[in-house]
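Hello,

Here is the structure for you to look through. My notes follow below it.

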Amino acid sequence: MKVDGLHHITAITAEIEANVDFYGRLLGLRLVWQGVSADDPEMRHVAYGDERGSPGSVITFFDMPGVARGRAGGGMVHRVLLRVADANALDFWERRLGDVGVETNRRRNQLLFADPDGLGLGLIGDDGGDEPLIAHAADVDGEVAIRGVHGVRAYSADPAQSAALLGDVLGMEPEGEGHWLAQGDRRHSLLLYDEPPGDPGQVGAGTVHHIAFTIRDGEEQRWRERVAAAALRPTAVMDRKTNKSVYFREPSRVLLELATDQPGFVFEPADSLGESLMLVGDLENRRAELEQRFPLLANPRGAMDDWSATC
């Protein structure tokens with residue numbers, strides 16, 4: 001048994017409108033989900049990805065209006081890496097981001113920058129053989145579009161303590177000290193550990209809540225038992241509507257989720273994903289209240305405005 005690359009990444013935003021403009025317009029991803037947190041229906045939850053919200057393409061956000069900006073520390077992800085095809089794509093994104101005042105740092109085969117909340121992002125040139133998971137933004141050609149999640153960088157003072165879990169339990173392959181490859185039948189992605197800064201981490205805007213790896217639908221209970229046998233105290237299997245999930249903290253304290261590859265974002269017509277408020281669990285009796293509390297966000301597939309004027 002081995003995980004099939006990253007399924008999704010979930011982070012925190014304090015300004016949802018700026019978040020939608022950045023990911024749904026500037027980065028050209030598709031808004032595939034508007035809903036509320038499955039664990040806290042008082043919190044808005046949105047997701048972006050390719051045209052279908054495919055596992056391996058998705059980044060989601062909990063909306064916490066006005067929350068202070070956080071700081072990544074030990075046991076936290078500090079950078080999300082997204083995949084593009086090649087150096088030509090990196091050239092395109094360097095120009096596009098620079099044109100709206102987003103500061104970038106070009107390093108050989110990667111382009112580093114941050115979102116409006118300060119979440120560290122990176123574009124990595126890697127055609128890699130995986131299926132490109134592309135959203136069809138009107139002003140981003142498919143040849144340079146983001147192709148899915150490539151990996152994450154996390155802080156750990158002792159990454160060796162996570163080796164048994166990552167290798168023996170999750171089936172990842174070591175690629176040097178603190179570098180792990182999640183290579184499944186369909187996709188590959190990276191989990192990279194870095195030495196943590198001196199200051200402790202602080203959860204808040206611009207920090208990652210958890211990362212999820214892909215497992216096959218129907219194998220979630222087997223995976224839970226496998227993690228429990230490693231004494232990592234997983235949660236019960238939770239039905240998130242789009243997938244079934246198990247959560248646990250790995251020895252370096254990064255919160256991991258194992259998420260099934262099915263059923264996916266299939267509860268709205270394919271041509272109108274993200275255009276209604278989706279409710280998970282026993283919340284239909286609160287629909288009128290929640291729709292009033294969380295009015296639908298403007299569809300970023302509308303006319304491409306000057307992003308810098310909206311943030």
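In strand 9, Arg153 is the bridge partner of Arg79. Strands here are DSSP runs (E, at least two residues), numbered from the N terminus. Note that this is a predicted model: local features need pLDDT of at least 70, side-chain atom pairs count only at pLDDT 80 or more, and totals for chains, interfaces and linings use all residues. Residues are numbered from 1 along each chain as its sequence is written, and side-chain values use heavy atoms, with hydrogens and water left out.

Strand 5 and strand 9 pair in the antiparallel sense over 5 bridges. To count as a pair, two strands need at least two DSSP bridges between them. Strand 5 also pairs with strand 8, in the parallel sense, over 6 bridges. There, Val84 has Gly125 of strand 8 as its bridge partner.

Is strand 5 buried or exposed? Strand 5 (residues 77-84) is mostly covered, with 8 of its 8 residues buried. Buried means under 20% relative accessible area, exposed over 50%, partly exposed in between (1.4 Å probe, protein chains only).

Now the loop between strand 8 (120-125) and strand 9 (149-155): Asp127 lies in it. Asp127 counts as exposed because its relative accessibility is 53%.

9 strands form it in the order 14-15-16-13-1-4-3-2-17, with mixed pairing. Strand 14 (238-239) and strand 17 (277-278) stand at the edges, each with a single partner strand, so one side of each has no neighbour in the sheet. Strand 3 (residues 44-49) pairs with strand 4 (residues 58-63) in the antiparallel sense over 5 bridges. Tyr48 stands opposite Ile59 in strand 4.

Best wishes

Note on methods. Helices (H or I, at least four residues) and strands (E, at least two) are DSSP runs, numbered from the N terminus.
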